Amino acid sequence: MLVVDDEPAIVTLLQYNLEQADYQVVTAIDGEQALKLAEHEQFDVILLDLMLPKLDGVEVTKRLRQEKIKTPIIMITAKTSEFDTVVGLELGADDYITKPFSPREVLARMKAVMRRYHDDTAPKVPVDNGHVIHIAGLSIDQDKFQVKRGQQAIELTPKEFELLLFFAKRPGKVWSREQLLEGVWGFDYSGQTRMVDIHVSHLREKIEPDPKHPQLLKTVRGFGYTFEAPHE
């Protein structure tokens, strides 16, 4: 684990409790040091303070994701940092926790993030010749931009198709609205989370047998959405 914070008391608290839980801990006190460590060593999770000397947590997250380093990041924020927290999530942070926090909460968040990360990186979806995904009774043709249930075509808008494909490639993972905006819409739409809800609603109308009681594209209260579907 990499713990990054410029407050010695917080570093000591986190390091002690993580080591008590049998995690090996490396610490850093500024963003530049954290970036170098994350670039050259492999960590299970990075606990990253938002407000840091030299490079702040948002910039560290941005650079790591630009370098394709996918280590899960949990941002540590003050309650007054909502805007920067959202930016951090849009840039690729996996979760955030606000000060003051309890060590038990940190451990729970870490385990959840690691579980989602390993679920996401494990091969899950069978693909026929690299073009068609078969999942939950749907056939998603990535080359023709077509979706079928059996022989029946399902007409989707381009953005609905992108959203469905994003979910279908990562079944079982919970995605925040901000993460979906980043993954499907891109940074130009940051903050427009209502757009995600609208597209999810439209997509449900087209792929769910009963849109009012969705079985595939489900809401996870307090976080976002997940695509639950058996593999075929």
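Buried, in what follows, means under 20% relative accessible area, exposed means over 50%, and partly exposed is anything in between, taken with a 1.4 Å probe on protein chains only. By that rule Glu160, at 4% relative accessibility, counts as buried. I will come back to Glu160.

What you have above is a predicted model, in which local features need pLDDT of at least 70 and side-chain atom pairs count only at pLDDT 80 or more, while totals for chains, interfaces and linings use all residues. Residues are numbered from 1 along each chain as its sequence is written, and side-chain values use heavy atoms, with hydrogens and water left out.

Helices (H or I, at least four residues) and strands (E, at least two) are DSSP runs, numbered from the N terminus.

Let me start with Asp49. Asp49 sits in strand E3, residues 46–49. An unreviewed UniProt entry carries the annotation "modified residue: 4-aspartylphosphate" at this position. UniProt positions are given in the numbering used here, feature names are shortened, and such annotations may be inferred rather than shown by experiment. In the model, Asp49 counts as buried, because its relative accessibility is 3%. Contact means heavy atoms within 4.5 Å. Leaving aside residues up to four places away in sequence, Asp49 touches Val4, Asp5, Asp6, Gly57, Ile76 and Lys99.

Ile76 leads us to the next pair of strands. Two strands pair if DSSP finds at least two bridges between them. Strand E4, residues 73–77, pairs with E5 in the parallel sense over four bridges, and Ile76 stands opposite Ile97 in E5. Strand E5 covers residues 95–98; Asp95 and Ile97 make up its covered face, Tyr96 and Thr98 its uncovered one.

Now the salt bridges. The criterion is a side-chain nitrogen of Lys or Arg within 4 Å of a carboxyl oxygen of Asp or Glu. The whole structure has 12 of them. Asp95, from that covered face of E5, meets Arg109 in one, at 3.3 Å from N to O. This pair links distant parts of the chain, with Asp95 in strand E5 and Arg109 in helix H5 (residues 103–121), 14 residues apart.

Glu160 lies in helix H6 and Lys206 in helix H8, so the pair ties together parts that are 46 residues apart in sequence. Lys206 is partly exposed, with a relative accessible area of 33%.

Which strands form it, and in what order? There are three, in the order E11-E13-E12, forming an open sheet with antiparallel pairing. Strand E11 (174–176) and strand E12 (217–220) are the edges, each pairing on one side only. From one strand to the next, the twist averages 35°. Axes are lines fitted to C-alpha atoms, for helices over the stretch in contact, and angles run from 0 to 180 degrees between N-to-C directions. E12 and strand E13 (residues 224–227) pair over four bridges, with Val220 opposite Gly224 in E13. Helix H6, residues 158–168, lies across E11, E12 and E13 and runs at about 70° to E13. Helix H7 (residues 177–185) packs on the sheet too, touching E11 and E13, at about 85° to E11.

Last, the cores. A nonpolar core is a set of buried Ala, Val, Leu, Ile, Met, Phe, Trp, Tyr and Cys residues joined through side-chain atoms within 4.5 Å. The largest one has 30 residues, of which Ile140, Leu164 and Phe227 touch the most other members. Elements that give two or more residues include strand E7 (132–135), strand E8 (138–141) and helix H8 (193–207). H6 gives the most, with seven residues. A second, separate core has 21 residues, among them Leu35, Ile46, Val60 and Leu64.
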